[in-house]
Amino acid sequence: MSLKMNKEELAEYLAEIFPQVREDFAIDALSEDGVTMRLLTAERHLRPGGTVSGPSMFALADVSVYAIVLARLGRQALAVTTNCSMDFMRKPRGDVPMIAQCRLLKLGRSLAVGDVLILSEGSDAPVARATMTYSIPPVGSAAAQAG
């Protein structure tokens, strides 16, 4: 299955349906298999000690999988997260963006599964890893047509 949206179209659509994404996230690369995104780390993403918070890293993983699902399916805004397993492995740096390397593992009619590796920019050592499952509204449903 090919992409239904290119990088620019995807960024524009995300900003339209999910305006807070524009402020915090950027799409670095997009392919049929995955997306590379970054969290534009700011003070609001940090926890005491100057490290990026777990909820901020979860948001990066979640938005990354959402983005690749949208890029592959098209304008279906109501795909939703149904499961997440996340491992936090190292303390992330709070003074650089976080990079998410997201791979789409499965895209079916009703479920999508993605794997996300999160790194501090400039480092090869992962700080977190997430596997996320998204539920996709049935084709022809009101939810699928809402986008």
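Buried means under 20% relative accessible area, exposed means over 50%, and partly exposed lies in between, with a 1.4 Å probe and protein chains only. By that scale Glu-9, at 41% relative accessibility, counts as partly exposed.

What you see is a predicted model, in which local features need pLDDT of at least 70 and side-chain atom pairs count only at pLDDT 80 or more, while totals for chains, interfaces and linings use all residues. Residues are numbered from 1 along each chain as its sequence is written, and side-chain values use heavy atoms, with hydrogens and water left out.

I'll take the overall fold to begin with. The protein has four helices and eight strands; helices (H or I, at least four residues) and strands (E, at least two) are DSSP runs, numbered from the N terminus. Reading from the N terminus, the order is α-α-β-β-β-β-α-β-β-β-β-α. The radius of gyration is 15 Å, close to the 15 Å that the globule rule gives for 147 residues, so the protein is as compact as a globular protein of that length. That radius is taken over C-alpha atoms, and the rule is 2.2 Å times the number of residues to the power 0.38. Along the principal axes, the C-alpha atoms fill a box of roughly 50 × 25 × 25 Å.

Next, the totals. Of the 147 residues, 46% are buried. The accessible surface comes to about 7,500 Å², and carbon and sulfur atoms hold 51% of it; these areas come from the Shrake-Rupley method with a 1.4 Å probe, and for residues only the protein chains shown count as cover. Contact means heavy atoms within 4.5 Å. Among contacts between residues at least 6 apart in sequence, 63% join residues at least 24 apart. On charge, there are 15 positive and 16 negative, and their mean positions are 5 Å apart. Lys and Arg count as positive, Asp and Glu as negative, with His and the chain ends not counted; each charge is placed at NZ of Lys, CZ of Arg, CG of Asp or CD of Glu.

Now some single residues. Glu-9 sits in helix H1, residues 7–17. How far is Glu-9 from Asn-83, C-alpha to C-alpha? The two are 27 Å apart in space, and 74 residues apart in sequence.

Val-63 belongs to helix H3, residues 54–73, and is buried at 5% relative accessibility. Beyond its neighbours within four places in sequence, Val-63 contacts Phe-18, Val-21, Phe-25 and Met-37. Tyr-13, 50 residues away along the chain, has its C-alpha 13 Å from that of Val-63.

Phe-25 is in strand S1, residues 25–30, and is also buried, with a relative accessible area of 11%. Leaving out residues up to four places away in sequence, Phe-25 touches Met-37, Arg-38, Leu-39, Leu-40, Ala-59, Leu-60 and Val-63. Its C-alpha lies 18 Å from that of Arg-47, 22 residues away along the chain.

Pro-97 is in the loop between strand S5 (80–88) and strand S6 (98–107). Is Pro-97 buried or exposed? At 19% relative accessibility, Pro-97 counts as buried. With residues up to four places away set aside, Pro-97 touches Arg-38, Leu-39, Thr-41, Leu-119, Ser-120 and Glu-121. For one of these, Leu-119, the C-alpha separation from Pro-97 is 8.8 Å over 22 residues of chain.

Last, the cysteines. A disulfide is a covalent bond between the sulfur atoms of two cysteines. The cut-off used here is a pair of cysteine sulfur atoms within 2.5 Å, and the structure holds zero disulfides.
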